[in-house]
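Have the sequence and the 3D view open as you read.

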Amino acid sequence: MRILSIYIKGHSLDKPVGDFLQMLTHPVMFPISEKAVKQSGDKWTRPEVFVGSGPYKLAEWVVNEKIIGVRNPLYWDNKNTVINKVTYLPLSSEKADLNRYLAGEIDITNTIAAESFPSLKKTLPDQVRISPKSTVYFYEFNNKKPPFNDVRVRQALSLAIDRDIIVDKILGQGQLPAYIMLTPNIGGFNFKQPDYASWTQEQRIAKAKKLLNETGFNQNNPLTFNLLYNTQEGHKKIAIAVSSMWKKNLGVNAVLQNQEWKVMLDNMHQGKFDVIRRAWVADYNSPMTFLSIFSSNQVKNTSMYENVEFDKLVEKASNNNAKDYYQQASDILAKDLPAIPIYFYVNHNMVKPYVGGFNINTRGEYFTKDLYIIEH
């Protein structure tokens, strides 16, 4: 394998990083003006002083209302940029997003609410865009907190979830059931699933009951814990469904708790949870972006999971970008289950028929410089 040597201001990598080129595609690697930052300090993002290298200049920014970009004539590929002005709206409500789209006020939605999806698929099928997204939805255990420090408890709770019901009945937008943390085709690889992925749900439940009974939890001593999720209708529906499955299949009592996003994040990083809803979007196109969040030396490891063999495999995979090491690390996670993978996301957007060049990537990103408006 050829090792790429990268120098930035006289510095080089201190060890081989097999997926380093993939890392460079992350937005944090986009260049900014050092001079502008030094001159303006924390005000460097204001429109009057912001200096960028992209196809659009920042013309206006009204917090929580809009961001306006105008074409940058100094952009290296300006001749192939078509749209002169773009307005981005920070709409947090899926309903508001869709209503403004249907009213003709916006041309592309950020998402499509699950409850609106079936009717839109029937009435405006050509405007519904679905594509794969490198994101996994999961429930993370506090692995240091009893009884979740017992792998049998974690395995039982995972096996008792019917993922097909969640993706088909609750979501219904093309999402896929997840039994591993690595999304399909991440880094150009597809990974082997654990054996239980091919079992019937009845087989999974039978195994789950056996495992949980071994730990001393049963009808006379039911397992009870808190399931924490951030406030959003979609998360609530899934939490209700999963807690019902646990109750019906195992007699487990999951007490639902919802918190605002920032509050939940604080509690997550402080370890103040039993089981918590999470999702992870691939930072870049590599399995490492998912595996690293369970490495014991990572700040991102809020599950507090530790496995020396897993850490060694992740280190080897980082050096070589080798599928075998990724697979072995994935197999350990599928057995230890520091978190329960539930489903893989899809991008779901409404796009007006007169918008051309809409190509969204697996991170859910598309670029205005690629868009154009078809005469209509």
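## Strand β6 and its partners

F141 stands opposite V275 in β10. Seven bridges join β6 to strand β10 (residues 275–281), and the two run antiparallel. On β11 (residues 339–350), 10 bridges link up with β6, again in an antiparallel arrangement. There, R129 is the residue facing N349 in β11. Strands count as paired if DSSP finds at least two bridges between them.

How enclosed is β6? Of the 14 residues in this strand (residues 128–141), 10 are buried, so β6 is largely enclosed by the rest of the structure. Buried here means under 20% relative accessible area, with exposed being over 50% and partly exposed in between (1.4 Å probe, protein chains only).

## What the model is

This is a predicted model, so bear in mind that local features need pLDDT of at least 70 and side-chain atom pairs count only at pLDDT 80 or more, while totals for chains, interfaces and linings use all residues. Residues are numbered from 1 along each chain as its sequence is written, and side-chain values use heavy atoms, leaving out hydrogens and water. Helices (H or I, at least four residues) and strands (E, at least two) are DSSP runs, numbered from the N terminus.

## Helix α5 against α7

Helix α5 (residues 151–159) packs on helix α7 (residues 201–214) at about 155°, with the axes 8 Å apart. Axes are lines fitted to C-alpha atoms, for helices over the stretch in contact, and angles run from 0 to 180 degrees between N-to-C directions. The pair is therefore roughly antiparallel (under 35 degrees is roughly parallel, over 145 roughly antiparallel, 65 to 115 roughly perpendicular and the rest oblique).

On the α5 side, R152, V153, Q155, A156 and L159 make the contact, meeting Q201, R204, I205, K207, A208, L211, L212 and E214 of α7. Contact means heavy atoms within 4.5 Å. By class, that's seven nonpolar, two polar and four charged residues. Seven of the nine residues of α5 are buried, so this helix is largely enclosed by the rest of the structure.

## Helix α6 against α8

Helix α6 (residues 163–171) and helix α8 (residues 233–250) pack at about 140°, with axes 11 Å apart. α6 and α8 are therefore oblique to each other.

From α6, I165, I166, I170 and L171 meet K237, I238, A241, V242 and M245 in α8. That contact has eight nonpolar, no polar and one charged residues. For the classes, Ala, Val, Leu, Ile, Met, Phe, Trp, Tyr, Cys and Pro count as nonpolar, Asp, Glu, Lys and Arg as charged, and the others, Gly among them, as polar.
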